[in-house]
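Here is a short report for a reader new to this structure. Look through the sequence and the model, then read on.

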Amino acid sequence: MKKLALAVAGLLALPALTAAASPPPVQCGVNLVSFYYGGFSQNLSLGTFDVTLVAHDGVTCTLPDTPLITVSGPDGDLPVHVNGRGGILTLRPDSPLHATIAYNRPDLPENAAKVSVLRLAMPDKSLRGTFFGTPGVIDIQKDGVSVTAWRTAIGLGQGEGTS
């Protein structure tokens, strides 16, 4: 009876040992995720588009909930205002992460800044860059862009970013 109790106790402890032995997720890098953007919307005063990250099949990785985004163009880098809460998120193939980029259109030419590139820096220091919303150079208000915190949602991914 004592041997049976020890065997049952050993079997009950097995899942805990297996879970403890699995390595923690690695930091996300551009080779581990797909980067999609879409949902571009623009009117006279406001423009927005979406950024979605999806982990490749079989990948689980982590990144901070504050997007590591830079925006630039012929006029240099622009300010990026991030609405993150702090903390670390886990990215999986079945759980994409989504952020929205919002910017104001300039009302006067002296308030305009030309932008063309959006770059996403990953926690492992790798970078992915793509057009800012659409191909080419566009004018936005020089006070920069606002970025939402990452959230779990499926984006409107219309095009994959390029390195």
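## The disulfide

The link of Cys-28 and Cys-61 is right-handed, with 90° about the S-S bond. Cys-28 lies in the loop between S1 and strand S2 (33–42) and Cys-61 in strand S4, so the pair ties together parts that are 33 residues apart in sequence. The two sulfur atoms are 2.1 Å apart. A disulfide here is a pair of cysteine sulfur atoms within 2.5 Å, and the count by this rule is one. Strands (E, at least two residues) and helices (H or I, at least four) are DSSP runs, numbered from the N terminus.

Cys-28 is buried, at 0% relative accessible area. Cys-61 is buried too, at 0%. Buried means under 20% relative accessible area, exposed over 50%, and partly exposed in between (1.4 Å probe, protein chains only).

## Model and confidence

This is a predicted model; local features need pLDDT of at least 70, side-chain atom pairs count only at pLDDT 80 or more, and totals for chains, interfaces and linings use all residues. Residues are numbered from 1 along each chain as its sequence is written, and side-chain values use heavy atoms, with hydrogens and water left out.

pLDDT is the predictor's confidence in each residue, from 0 to 100. The protein chain has a mean pLDDT of 81, and 79% of its residues reach 70 or more. Over residues 6–12, pLDDT stays under 50, and the model has zero contacts there beyond four places in sequence. Residues 154–163 also stay under 50, but they have 30 contacts beyond four places in sequence. Contact means heavy atoms within 4.5 Å.

## The open sheet

Three strands form an open sheet in the order S1-S4-S8, with mixed pairing. Strand S1 (26–27) and strand S8 (88–91) stand at the edges, each with a single partner strand, so one side of each is left without a neighbour in the sheet. Two strands pair if DSSP finds at least two bridges between them.

Strand S4 (residues 61–64) runs antiparallel to S8, and four bridges join them. Within this pairing, Pro-64 has Ile-88 in S8 as its bridge partner.

## Strand S9 and its partners

Six of the eight residues of strand S9 (residues 97–104) are buried, so S9 is largely enclosed by the rest of the structure. Strand S3 (residues 46–55) pairs with S9 in the antiparallel sense over eight bridges. Leu-53 has Leu-97 in S9 as its bridge partner.

S9 also pairs antiparallel with strand S14 (residues 145–148), over three bridges. There, Ile-101 stands opposite Val-147. With strand S15 (residues 151–152), S9 has two antiparallel bridges. His-98 is partnered by Arg-151 in S15.

## The nonpolar core

A nonpolar core is a set of buried Ala, Val, Leu, Ile, Met, Phe, Trp, Tyr and Cys residues joined through side-chain atoms within 4.5 Å. The largest one has 31 residues. Those with the most contacts inside it include Leu-53, Ile-101, Val-145 and Trp-150. Beyond four places in sequence, the contacts of Val-145 include Val-71, Ile-101, Phe-132 and Ile-140.

Asp-139 and Lys-114 meet in a salt bridge (3.1 Å, N to O). Asp-139 lies in strand S13 (residues 138–141) and Lys-114 in strand S10 (residues 112–115), so the pair ties together parts that are 25 residues apart in sequence. A salt bridge is a side-chain nitrogen of Lys or Arg within 4 Å of a carboxyl oxygen of Asp or Glu. Asp-139 is partly exposed at 28%, as is Lys-114 at 36%.

Most residues other than glycine have a negative phi. Lys-125 is not a glycine, yet its phi is positive, about 80°. Lys-125 sits in the loop between strand S11 (117–121) and strand S12 (127–131). Lys-125 counts as exposed, at 72% relative accessibility.
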